[in-house]
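Please keep the sequence and the model open while reading the points below.

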Amino acid sequence: MKRFAIKNVVNTHLKENFLLYILSALCIGIGFVIGVYIVKYMTTSDKSNLISYLADFIKGKNGNSENSKMILFQAIKNNIPLILVVWFLGLTMIGIPIILIIDVLKGFTIGFTVAFFISGFGIKGIGMAMLGVIPQNIIYIPCIIFLSVIAMEFSIKLIKDNSKMSMRRRFFSNIGSYSFMFIIITLIMFMGFFFETYCTPNIIKIIAMNVWVINC
């Protein structure tokens, strides 16, 4: 019975917010395309500088615990503030456009990274993108879309409430469950953080070093 009730809640949520899910996913897709085109029109000099920077990073990485801590900290630093901003924007009546812009920026970073690897390293770059970028984003992207939809849904409910007293009651009665969903999704995203910390650098290093060995 409990499983059936949860399934009904999920189905109802998806039906009521289907357009928001489409909109959020579309914004991430638009950002991805923009990222790809930015790489496509980068100058050879800019690409060379980025490849040199990546080479220095990989050659300087020893795989010790200090480096892993730094990468984990950077992954958390890149994502937790974004989650907090989306959470806060959901509590406002004007946050929806900014949430969608954040979705575009998230898509842009993925598109830029994938396109850069492929453009800079060719066939090997596809492996770097597929094994070093895509796996953690299989976790990140659904989480970001879900949080964006939850935040936009909350914001829309605030807009629809005409009565200030009613709005105040609904706000304080729902903010607990709203925040709880953000906490749960953030914990799920930590699986991506750990993959990005302990797997991604080694995958990129192995493939990239093979590229440079071949090219030398």
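1. The structure is a predicted model. Its protein chain has 8 helices and 0 strands, and along the sequence the pattern reads α-α-α-α-α-α-α-α. Of the 216 residues in the protein chain, 39% are buried. Among contacts with a separation of 6 or more, 84% are between residues 24 or more positions apart.

2. Helix 2 against helix 5. Two packed helices are described by the angle between their axes and the distance between the axes. Helix 5 covers residues 96-132, and its axis comes within 6 Å of that of helix 2, crossing at roughly 40 degrees. An angle under 35 degrees would count as roughly parallel; helix 2 and helix 5 are therefore oblique to each other. Their crossing is right-handed. On the side of helix 2, the residues in contact include Leu23, Ser24, Cys27, Ile28, Gly31 and Phe32, and on the side of helix 5 they include Leu100, Asp103, Val104, Gly107 and Phe108. By class, the residues of this contact between helix 2 and helix 5 are 16 nonpolar, 6 polar and 1 charged.

3. Helix 2 against helix 6. Helix 2 spans residues 18-40 and helix 6 spans residues 134-160; the two pack at an angle of about 130 degrees, and their axes lie 9 Å apart. Helix 2 is therefore oblique to helix 6. This crossing, too, is right-handed. Helix 2 contributes Leu20, Tyr21, Ser24, Ala25 and Ile28, which meet residues of helix 6 including Ile141, Ile144, Ile145, Phe146 and Ser148. The residues of the contact of helix 2 with helix 6 comprise 11 nonpolar, 2 polar and 1 charged.

4. Helix 5 against helix 6. How are these two helices oriented relative to each other? Their axes come within 10 Å and cross at roughly 170 degrees. Angles over 145 degrees count as roughly antiparallel, and helix 5 and helix 6 are therefore roughly antiparallel to each other. From helix 5, the contact involves residues including Ile96, Ile99, Leu100, Asp103 and Lys106, as well as Ala129, Met130, Leu131 and Gly132; from helix 6, the partners include Ile134, Pro135, Gln136, Asn137, Tyr140, Ser148 and Ile156. The residues of the contact of helix 5 with helix 6 divide into 16 nonpolar, 5 polar and 2 charged.

5. Ser148. This residue is found in helix 6. Is Ser148 buried or exposed? With a relative accessible area of 1%, Ser148 is buried, since buried means under 20%. Leaving aside neighbours within four places in sequence, its contacts are Ser24, Val86, Ile99 and Asp103. Ser24 belongs to the helix 2 side of the contact with helix 6, while Ile99 and Asp103 belong to the helix 5 side of the contact with helix 6.

6. Ile102. The place of Ile102 is in helix 5, and at 11% relative accessibility Ile102 counts as buried. Apart from residues up to four places away in sequence, Ile102 touches Leu82, Val85, Val86 and Leu89. Ile102 and Ile144 are 42 residues apart along the chain, and their C-alpha atoms are separated by 9.5 Å.

7. The salt bridge. Side chains of opposite charge can pair when their charged atoms come close. How many salt bridges are counted? The count comes to 1. The side chains of Glu153 and Lys157 form a salt bridge, at 3.8 Å from N to O. Both residues, Glu153 and Lys157, lie in helix 6, 4 residues apart, about one turn of the helix. Glu153 is buried, at 14% relative accessible area, whereas Lys157 counts as partly exposed at 37%.

8. Tyr198. Helix 7 covers residues 164-198, and Tyr198 lies in helix 7. At 44% relative accessibility, Tyr198 counts as partly exposed. Which separations relate Tyr198 to Ile71, in sequence and in space? Tyr198 and Ile71 are 127 residues apart in sequence, and 8.5 Å apart in space from C-alpha to C-alpha.

Definitions and conventions
Residues are numbered from 1 along each chain as its sequence is written. This is a predicted model: local features need pLDDT of at least 70, side-chain atom pairs count only at pLDDT 80 or more; totals for chains, interfaces and linings use all residues. Side-chain values use heavy atoms; hydrogens and water are left out. Axes are lines fitted to C-alpha atoms, for helices over the stretch in contact, and angles run from 0 to 180 degrees between N-to-C directions. Angles under 35 degrees count as roughly parallel, over 145 as roughly antiparallel, 65 to 115 as roughly perpendicular and the rest as oblique. A crossing is left-handed if the near helix is turned anticlockwise from the far one by less than a right angle, and right-handed if clockwise. Contact means heavy atoms within 4.5 Å. Ala, Val, Leu, Ile, Met, Phe, Trp, Tyr, Cys and Pro count as nonpolar, Asp, Glu, Lys and Arg as charged, and the others, Gly among them, as polar. A salt bridge is a side-chain nitrogen of Lys or Arg within 4 Å of a carboxyl oxygen of Asp or Glu. Buried means under 20% relative accessible area, exposed over 50%, partly exposed in between (1.4 Å probe, protein chains only).
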